[in-house]
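Please find below a colleague's note on the model under review. The points are numbered so that each may be checked against the coordinates.

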Amino acid sequence: MENNLLSLIIFAPLAGAVINWLVGRRLRNERFIGIVACAAVGISTVIAFFLAFKSDGALHATQPIMDHLFTWIHVGSFRADFGLAMDRLSGIYALFITFVGFLIHVFATGYMHGDRGYYRFFAYLNLFMFAMLTLILADNFLLMFVGWEGVGLCSYLLIGFYIDKSEAAPAAKKAFIANRVGDWGFILGVMLIFWLTSGAGAPSISFFDKTGLTSALTTIAAMPMDPFGWRIIFAGGITSVAVLLFIGATGKSAQIPLFVWLPDAMAGPTPVSALIHAATMVTAGVYMVVRCSAIYTHAPTAMFIVAIIGAATALFAATIGLAQNDIKKVLAYSTISQLGYMFLACGVGAFVAAIFHVMTHAFFKAQLFLGSGSVIHGMHHEQDMRRMGGLRKYMPVTWITMCAGWLAICGVPIFAGFFSKDEILWKTWSGHNPGIPPGLNKALWFIGAVTALLTAVYMTRLMVMTFWSNERFRDKSQDHHHGEHGHEVAHEPHESPKSMTIPLIVLAILSTVGGLVGVPYALSSMVGGHPRNYFEETLAPVISKAPAADAHGTEPPKDVHWLSPEPEHTDGKPAFTPAREASTHGTEHAVHSPEEIRTERLLTLVSVLIALTGIGIGWVMFNRKPLQQMPRLLENKYYVDEVYDGAVIKPIHVLSREGLWKIFDVGVIDGVLHTLGRSIVDLGRTFRYMQFGFLRGYAAIILTGALIIIGYFAYQGAQMLTR
């Protein structure tokens, strides 16, 4: 289905960026700049909701909504279009990116008030939205890469926005370079996809089947699944593609070993942190992996790697988050940890659960970041939690709304994060992916459970040190840090203006009820009726299933045991369809055995106990002693930055200075050029000496030349006569 409105979703923010850059910089009127920026994203939001929810919209139809702008490359049977597509996956992404992005824009109009770079900030922010929406709505890998690089560029501009802050420029460069390291994997992966599909007779990099074009994912899905093994990684097949694409995802989504840029990105304004962490850039890697589920389900080794890296990142970042004192740094490591959760879900084949957590994470992490921005604003740009305490009395709206985000990320029922995190833990426990050796599922679940406990502890520490415990901001009232705007005047904490608190309230509501769209059957069946997991049903048709289900003998039972009243047939169609049959029609209803449901409910109870235990530990440890010393190893982030500096940065610096510069640049290149230059100068000097100005001298030179020529021909003639 063709729909030209789709292109407006990406071009409206681009138009906003252009207007603010060309007109806003001349007018310097904050109201005009704010209205343009928010309206541009608002237009995208309205169109995205319309195209997603209308009767034949993206979330209802089995075919994506397409918009073909022009053909980019057409060589032989290969074609790459500049085209957009919204299916169920990209539709869900477009909804929360535009809506949460709109709220962040509104918040930023108050937060950035009075900043000299107001127009520049919103121009960059709109440009960021354009790049991210292009990334998720692209109908092929090439256009996705344009958006992929676009968000990298915009993150560089926004992280380094405060050009007068010493840490801003290095942080921006760090983010840019770390992402480039991952991007080479993405590029090689796309090239290998082209090579594989060409070998199959249908060269393509498209995500969708179109007129005269077969989707690359369809072609690869028809290939046999790769065996499990380490050598297969380097065989140049599907596993190689999956691993290369995941390298790109580790850079963009801050996973081990390319996570180091994300905490430093806190040097940018807080709304930027919220946008990058909650709804846009860092979730791009998860989106790309899920979009390529047809590739990953045929590469069990790659899925094993994804699961291990995801679990390790989740636990590693959570331990660091325990000991950070900068309120934004705590949330930054929390983001890395939650992204690890999402990749863990992808690795065990629970792609729907990963996207579910991406969505709920967008709600509560945006709320938490904007809440921290409100705290920083009310504390006159103080970010150190050791200089806060007791703020709930001064910032009641910020406090109440942040409580929603806090309980959501801790996994407390019924808040949004509870359902999505519990779904990941359950899928990890019960997963049957051939890439996960038997028994490892339980080990991964244990890592996930420990991570959930640590998450509840460090987030409770953040809330206690900020809103409860004793007031400490007056103790250092004469020693305030330079804030993001460079002010130095100490004053009492205060609540933020409505332009900032209204987005907080909306996000707090979403953090509370946003998870109800994906309540699993095991829980929803406890309240009767015919419960449906709307989120899972919506995404199921566009997600490839791990072919391992058959190998482990997990055929769905023929006799279905309903714990709730069996659904009635309507419109002559069966209300329930076995999973295998349903999958052929593009929808799927999961089949649940009583034993499976009992186990899932038991693990859910364990998850709740873990969350409550973590909150209790955090409260007991830090309410009375909020300033207690944390392990130095954790405070210094395991010295990862120092290790990188010693093992990577300095060797490259020394090699560049002593080898590439002094030897190759100065010695070889400059030496060759200088030698060439000196030779030409010497030659010219020689010719200059020959211009001495005496006629007899020139006559002698002519005579000498003539004698040489005559002698040469005489010699050649004598040689011919003697033959």
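The points below take up confidence, helix packing, the strand pairing and the backbone geometry.

1. Confidence. The structure is a predicted model. Its mean pLDDT is 87, and 90% of the residues reach 70 or more. Over residues 480-487, however, the pLDDT is below 50, although this stretch has 26 contacts in the model beyond near neighbours in sequence. Residues 567-588 also stay under 50 in pLDDT, and here the model has 27 contacts beyond four places in sequence. Where pLDDT is low, the predicted coordinates should not be read in detail.

2. Packing of α8 and α11. Two packed helices are described by the angle between their axes and the distance between the axes. For helix α8 (residues 238-252) and α11, the angle is about 160 degrees and the axes are 8 Å apart. The two helices α8 and α11 are therefore roughly antiparallel to each other. On the α8 side the contact involves L245, A249 and K252, which meet A284, G285, M288 and V289 of α11. By class, the residues of this contact are five nonpolar, one polar and one charged.

3. Packing of α11 and α15. Helix α11 (residues 284-291) also has its axis within 10 Å of that of helix α15 (residues 351-378), at a crossing angle of roughly 155 degrees. Because angles over 145 degrees count as roughly antiparallel, α11 and α15 are described in this way. The crossing of α11 past α15 is left-handed. V286, V289 and V290 of α11 make the contact with F351, A354, I355 and V358 of α15. Seven nonpolar residues form this contact, with no polar and no charged residues.

4. Packing of α14 and α18. The axes of helix α14 (residues 327-347) and helix α18 (residues 440-467) come within 11 Å and cross at roughly 160 degrees. This makes α14 roughly antiparallel to α18. Helix α14 passes α18 in a left-handed crossing. The residues in contact include I327, L331, S334, Q338 and Y341 of α14, and L444, G448, A452, T455 and Y458 of α18. Taken by class, the residues of this contact are 11 nonpolar, seven polar and no charged.

5. The β1-β2 hairpin. Strand β1 (residues 65-75) pairs with strand β2 (residues 78-86) in the antiparallel sense, over nine bridges. Within this pairing, T71 stands opposite D81 in β2. The two strands form a hairpin with two residues between them, and G76 in the turn has a positive phi of about 60 degrees.

6. Backbone geometry to inspect. Most residues other than glycine have a negative phi, and most peptide bonds are trans. Which residues are joined by the cis peptide bond with omega of about 5 degrees? They are I256 and P257, and P257 is placed in the loop between α8 and α9 (261-264). A cis bond also runs from P413 to I414, with omega near 0 degrees; I414 is in the loop between α16 (396-410) and α17 (416-430). R28, a residue other than glycine, has a positive phi near 55 degrees and is found in the loop between α1 (5-27) and α2 (30-53). K637, which is not a glycine, has a positive phi of about 55 degrees and lies in the loop between α25 (632-635) and α26 (640-690).

How values were computed. Residues numbered from 1 in each chain as written. Predicted model: local features only at pLDDT ≥ 70, side-chain atom pairs only at ≥ 80, totals over all residues. Heavy atoms only, no water. Axes fitted to C-alpha atoms, helices over the stretch in contact; angles between N-to-C directions. Helix = DSSP H or I, 4+ residues; strand = E, 2+ residues; numbered from the N terminus. Parallel < 35°, antiparallel > 145°, perpendicular 65-115°, else oblique. Left-handed = near helix turned anticlockwise from the far one by under 90°. Contact = heavy atoms within 4.5 Å. Nonpolar A, V, L, I, M, F, W, Y, C, P; charged D, E, K, R; others polar. Pairing = 2+ DSSP bridges. pLDDT = per-residue confidence, 0-100.
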